[in-house]
Amino acid sequence: MTQIEHTLRLAQMAFGYWTRTLKPGYLPIRMWVEPTNACNLKCVMCPQSSETKFQRGFMEFALFQKIIDEAKHCVYDMNLHHTGESLLHPQILDMIRYVKQAGIYTRLHTNATKLDEEKARGILDTGLDFLSFSFDGYDKATYESIRRGANFEHTLENILRFLRLKKAQGKTRPFTVFEVIDFSAKPGTPASLLKVTDEQIAFQKQFEALPLDRFVLKAPHNWAGTYDAEGNPLHPDKYCACTFPWYALVVFWNGNVSPCPQDFFNNLCLGNLNDASLKDIWHGQSAITIRAKMKTKQYQNLHPCASCDLLYRNSFLGIPTSHLKNFLRESSGK
């Protein structure tokens with residue numbers, strides 16, 4: 001897909017959302033495909049860390065190929081992660097290559113605990129476009145109290161080694177981001193209001209000579225009502241229909257589909273790609289019903305939507321503005 005084609009499809013998607021079209025005349029432009037929902041950590045904010053009802057599994061490569069073959073005609077960028085740690089999948093490098101061969105901008109998000117030298121070199125060889133690391137805390141005690149099961153020194157060295165290899169090979173891809181959640185901030189606090197501490201400045205110095213493209217400090221959100229809902233009261237007066245049903249789909253490891261990456265337990269199941277096409281699910285009655293409920297503000301019986309803080313955002317002419325800048329930046333591949 002050329003940049004011009006993508007820009008036109010963005011405009012089409014924006015119009016579809018603005019008019020709250022129930023059966024959009026386009027297919028999704030962004031997807032999350034979950035290689036696995038297995039994870040080696042028990043992070044304090046993660047819904048699956050305290051839940052036992054997850055059936056763990058790994059996506060079959062044949063199903064993955066089917067998804068990409070259908071998506072390559074419409075999807076601009078593909079996120080190869082969702083509820084689990086994608087580097088645990090034994091074919092993750094093959095998955096990245098397959099998406100890249102399909103001409104889709106490819107993203108991977110990882111906790112980096114399994115990013116050994118072999119995987120680091122493999123990722124650099126695949127041509128991955130975007131790689132982000134979750135690393136919450138600037139010291140051992142803080143990090144390990146949040147990322148339970150991880151080792152501060154080991155994980156940090158994995159990231160530094162990856163960046164050293166990237167530099168040694170003279171590569172500009174993947175665009176590499178280091179993400180830290182500021183758990184001292186109230187959920188929903190704008191990034192511009194978060195305070196940069198001396199501790200953060202000292203921590204960042206070790207990346208100065210390395211090709212880290214962005215260091216992101218962000219506030220927590222309520223993970224669709226599963227984390228700290230009391231600390232982030234909902235504001236119905238700011239209701240703005242969720243954008244996800246108009247531009248995205250999430251595919252779980254077993255082929256189940258959801259409209260939203262905050263739907264960790266697949267409560268909003270739209271169908272299964274083992275026995276349906278991407279087009280059929282996108283235009284199916286379940287997807288239409290969710291869009292209709294968002295349009296008419298009848299979302300109270302939709303879960304996790306009813307408790308998700310992302311529905312209550314500042315907006316202009318019916319378009320949410322809180323994440324608009326990030327969306328446009330991400331959609332340009334930067």
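Mentor: Let us begin with tyrosine 247, which counts as buried because its relative accessibility is 6%, and buried means under 20%. Please keep in mind that this is a predicted model. The partner of tyrosine 247 is phenylalanine 244, and these two residues form a stacked aromatic pair. Their ring centres are 5.7 Å apart, and there is an angle of 25° between the planes. Phenylalanine 244 has a relative accessible area of 12%, so this residue is buried as well.

A pair of aromatic rings is described by two quantities, the distance of the centres and the angle of the planes. Across the whole structure, a search finds 21 aromatic pairs. One of them joins tyrosine 26 to tryptophan 282, and because the planes meet at 50°, with the centres 6.2 Å apart, the pair is tilted. This pair links distant parts of the chain, for its two residues are 256 residues apart. Tyrosine 26 belongs to the loop between helix H1 (3-18) and strand E1 (30-33), whereas tryptophan 282 is in helix H8 (residues 278-282). Both tyrosine 26 and tryptophan 282 are buried. Tryptophan 282 has a further neighbour: arginine 291 lies over the face of its ring, at 4.5 Å from the ring centre.

Phenylalanine 130 stands opposite phenylalanine 175 in strand E5. The two strands concerned, E4 (residues 130-134) and E5, run parallel and are joined by five bridges. On another pairing, E5 and strand E6 (residues 214-218) are also parallel, over five bridges. There, phenylalanine 178 has phenylalanine 215 of E6 as its bridge partner.

How enclosed is strand E5 (residues 175-181)? Seven of its seven residues are buried, so the strand is largely enclosed by the rest of the structure.

For Phe175, we must turn to the nonpolar cores. The largest nonpolar core has 92 residues, of which Met31 and Met78 touch the most other members. Helix H6 (residues 152-168) gives the most to this core, with seven residues. Apart from it lies another core, of five residues, and among them are Phe175, Phe130, Tyr76 and Tyr105. Phe130 and Phe175, which stand opposite each other, are therefore to be found in one core as well, as buried nonpolar residues joined through side-chain atoms within 4.5 Å.

Definitions and conventions
Residues numbered from 1 in each chain as written. Predicted model: local features only at pLDDT ≥ 70, side-chain atom pairs only at ≥ 80, totals over all residues. Heavy atoms only, no water. Phe/Tyr/Trp six-rings, centres within 6.5 Å; stacked < 30°, edge-to-face > 60°. Helix = DSSP H or I, 4+ residues; strand = E, 2+ residues; numbered from the N terminus. Buried < 20%, exposed > 50% of the residue type's maximum accessible area, 1.4 Å probe, protein only. Lys NZ or Arg CZ within 6 Å of the ring centre and 35° of its normal. Pairing = 2+ DSSP bridges.
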